[in-house]
Each structure stands twice: as C-alpha cells, then as structure tokens.
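Me: I would like to learn how to read the features of a protein model. Could we take them one at a time, with the general idea before the case?

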Amino acid sequence: MNRANGSAYATELSCQQQRLWEVECVVRGSALLHTGIALRLDGMLDEKRLSHAVAAVFQRHELLNTGFHADGERLTLGPATHHEPRVLHRPDLRADRAGHLAEVRRAAAAAHAEVFPLAGEALARAHLTLLGDGSGVLLLTFHRLVMDLFSLHQVVTDLQEAYRIGPDEPLPPADRYTALLATREHRRSADREFWRTELSGFPTPWIGERRPQPGWLPDGAELRVPLDAALSGLIQANARAARCTPTVYVTAAAARRVLERSGAADLVLGTMSANRMNSDAVGPLAQAVLVRVGPSAPHGDQGVLAQVRRGLREGIAHQGVEFEDIVDLLTDGMGVARDDLAPLSVSVTADSWQGSVAGLAFTLFDLDDDRGEGEVEEEDEGAAGPVVRPSQLDLEFNLSGARPQLVLTYDRRCFGAPWCERFAADLLTDLATARG
C-alpha cells in the first residue's frame, strides 16, 4: 500500500508480465513495447481539471500506481515516484493547418518513442498539446507491462468520468490486478486439463510457405486494405442471420480461408478476450481464447462456423490458461514443433472511445500520415515492420471510423506478400457475398 496516498501498488509480476519483461530485456532502449492513444479534446478545455483527472485515473489502478525499477535483468516493483502529466508543447498557430497538424504528429511521435528509464517511475505518461482555440490533444503512453488494448478502453472511460465529476469527488476504487490474477490461478489446473483435452491429437499443419527461423523477433510485415463503408452493416446483418456475433462471423470466415489456403487438416485459432465481465482492473489481462477448427477437430465436421461459435463459448469459460501455456502444451506435451504452429488471431474493432463530458469530447486523434482516400500503404520489404510471433497471421477488422480497413499482420519469412494479398481479397469476397 502506498502510504502517501493510500493507493495500492503491485509487488510482484504476473506470468504474463514476466514474459513481457524477458522481451523488454532483449529490446531495451526502444519503444517496441509501448502502447497508447491520442485523444482530441474538443470544447473549452480546463487544463487544471484535466491534469487532476489524469492523475486520479493513474492512481486508481494498481499497475498505473506502481513504480518499476530495473537493476540489470532484475525488475522490482514498489510505489511510483510521480504521476504528473505535462504540457508537451504549444505549437505556433500562425502556421497553416497542414503544417500545424504535422507539428503535432511529430511531437506526439517523439513523446511516444521516449523510453521509460525504469528507475522507479510508473510506466504511464500523459502529454498535452494545447491548440490555442481552447482544445487540445492528449497523448497517453504506457508500457505493455501495465497496459493492453482492453485496459486502454477502461482508462479512457475512467478519464471521461474523472473529468466530468471534477476534483471534489473521488473515483470509486478499482479491482486489483493482482487479486484478479490470483482468482485465475486458483482454477488454473482445471483449465489446463480442458485445453489438454481440447488440443489432443493436434497434427502438425503445413502452411505452404517457407518455414520461419526460430526466435523472438521474426521479420514482421503489414498489409492494409481499405473497406467499403457498407461492409460493416452487411457483416452485422449476415451475422444476425447466422445467429452469431460479427466477431464469430468474421473469425469463422478467416479460419475457413486459412484452412483452404494452408492445406492444414486443423487450425489452432486464437481470438483475444479480456474476461471483463466482473472486473475493471487495468493491466495486461487479455488472453487468447483458442478454438480448434477443421475436419478432425473435437467438434466434428459440421462446419467451421458452428465450431467457432461453440469453441468461443467454451473457450471463454477457460481463460485461466494463457496463450504461451497452451503453446507449451502442444510443443512439450504433444510433440508439435513451435515453428510448425500456425495460429490465426482475429479481432473485430469499432472506434467507440467517444463521449461528451462537461463540455469536452474525447475522440481518437489520427497520428498517421495523411493519405488520399482509398490509398493502400505500400509495403517496404526491407523495412522493419510490426513484430509478430513465428507463423502468426493477425487480422484486425476496423468496421467504423473515417477509414474502415482490414489490417493483416504477418511474418514475411512464413507468409509471402502475394499469399497475404490473395488471402485478404478472398476473405473480403467471402464476407461481401455472405460466404462466412
């Protein structure tokens, strides 16, 4: 317990944080494990009120109120030394709008890339850019040791509430991250038995491309495909007709295409779930719910959609075992080589972090370079792309916002660019023709 303000802080790392720390030791000095969000603040911004709201949210959550101190490859936890947001800069408003936005993006990118020194401070930062018209851009940057995508949503929600109620009323206490992990640990053995049974007899798949070399950081690449705005409504309508959610519908369509193109008899498919039904704790809580699909899967050959629908429901009930533990079950207990695994990760997202509180609207602020409508980002085969695990295909469907798109992240040493382009085109055709 932090005696200075009564807030709880963590004293030991979870298993997932320990793995993240191992990666951090490999990539120290880079922002590879940073995550965050930029929020455009439209309205008459009260800078002091916003500063209090940021501090209140950071203090509310156990990991955001924890100081991380590195001594070589050893990491110790304790009370945080500071939680002070600061003004990033006040840009010269005499510049034209394009130059002004470019300046904001450069400053935000530099702030996001600033490495956490790991000298006892919290792994959370806030930078505010004041735009001169009463609005601003708030950049929140976190290390993945304390934050995942679902937690980021919780932080934005908390920030809206803290700004709305102001400094005179405190936020309610949040669930403790360590307490939630302890609850999961209690049911861990039963969950491991479920996955051991679910994955029994798993064959070694063949994905039809060059095998990746083993290692933590294979060459990643990314393919972005703009989506027709009408596709979102079509997917939702087709999902309702199939009596499932859009996530299940897209997941099944992607799994079926991977099975066809890979030649694999089975596929271990992972889709992220945070198990937020009973907790608002912040931290790297998202886990991969694995669904096994294919002709020899435990649920039989009654169709991929039915297998995914049932598998997700059963898998969500057994989240105490995390992705790496399930991989260990396959590689250590069933004789499958790690580099022969071909997991497919699928997520369907919507830009929902928007609200109006006390005259201030928190909306996503695009930090990407401006591109013309319909342009696709060119892939540079020589450039370092997103980091992915060997043999992994990661699909993200953003079905809302100004530029709906499919983002496909892959290991270039395993899946070639032509393979991924054909796969993306076939998948979008399936979704557009109700062949999910």
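This is a predicted model: local features need pLDDT of at least 70, side-chain atom pairs count only at pLDDT 80 or more; totals for chains, interfaces and linings use all residues.

Me: Which residue is the bridge partner of I37 in β7?

Reply: In general, the strands of a sheet pair through backbone hydrogen bonds, either parallel or antiparallel. Here the partner of I37 in β7 is L140. That bridge belongs to the pairing of β1 (residues 34-42) with β7 (residues 136-143), which is antiparallel and has 8 bridges.

Me: How many bridges join β1 to β13?

Reply: Strand β13 (residues 360-364) is joined to β1 by 4 bridges, and the two run antiparallel. Within this pairing, F362 of β13 stands opposite L41.

Me: What is the strand order in the open sheet of 3 strands?

Reply: The order is β3-β2-β5, and the pairing is antiparallel. Strands β3 (74-79) and β5 (119-121) form the edges, each pairing on one side only. From one strand to the next, the twist averages 20°. Between β2 (residues 66-71) and β3 there are 6 bridges, and G67 stands opposite G78 in β3.

Me: Turning to helices, which residues of α6 are buried?

Reply: The general idea is that an α-helix has 3.6 residues a turn, so residues three or four places apart point the same way. In α6 (residues 188-198), the buried residues are R188, D191, F194, W195 and E198. They lie on the same side of α6 because their arc around the axis is only 120°.

Me: What covers the buried residues of α6?

Reply: The cover includes helices α5 (177-186), α9 (304-316) and α10 (323-333), together with strand β10 (287-293).

Me: How many residues does the largest nonpolar core have?

Reply: In soluble globular proteins, nonpolar side chains tend to be buried together. The largest nonpolar core here has 49 residues, and L50, L140, F142 and L159 have the most contacts inside it. Helix α4 (residues 149-165) supplies the largest share of this core, 7 residues. Apart from it lies another core, of 44 residues, including V258, V304, L344 and A417.

Me: What is F142 in contact with, leaving aside neighbours within four places in sequence?

Reply: The contacts of F142 include L33, F58, L64, F116, L123, M147, L152 and V155. Among them are also H34, T35, G36 and A124.

Me: How many disulfides does the structure hold?

Reply: A disulfide is a covalent bond between the sulfur atoms of two cysteines. This structure holds 0 disulfides. As for individual cysteines, C420 is buried, with a relative accessible area of 1%. C244 also counts as buried, at 14% relative accessibility.

Me: What do the totals for the protein say?

Reply: The protein has 11 helices and 15 strands. Of its 436 residues, 52% count as buried. Taking contacts between residues at least 6 apart in sequence, 76% join residues at least 24 apart.

How values were computed: Residues are numbered from 1 along each chain as its sequence is written. Side-chain values use heavy atoms; hydrogens and water are left out. Two strands pair if DSSP finds at least two bridges between them. Axes are lines fitted to C-alpha atoms, for helices over the stretch in contact, and angles run from 0 to 180 degrees between N-to-C directions. Buried means under 20% relative accessible area, exposed over 50%, partly exposed in between (1.4 Å probe, protein chains only). The arc is that of the directions from the helix axis to the C-beta atoms. Contact means heavy atoms within 4.5 Å. A nonpolar core is a set of buried Ala, Val, Leu, Ile, Met, Phe, Trp, Tyr and Cys residues joined through side-chain atoms within 4.5 Å. A disulfide is a pair of cysteine sulfur atoms within 2.5 Å.
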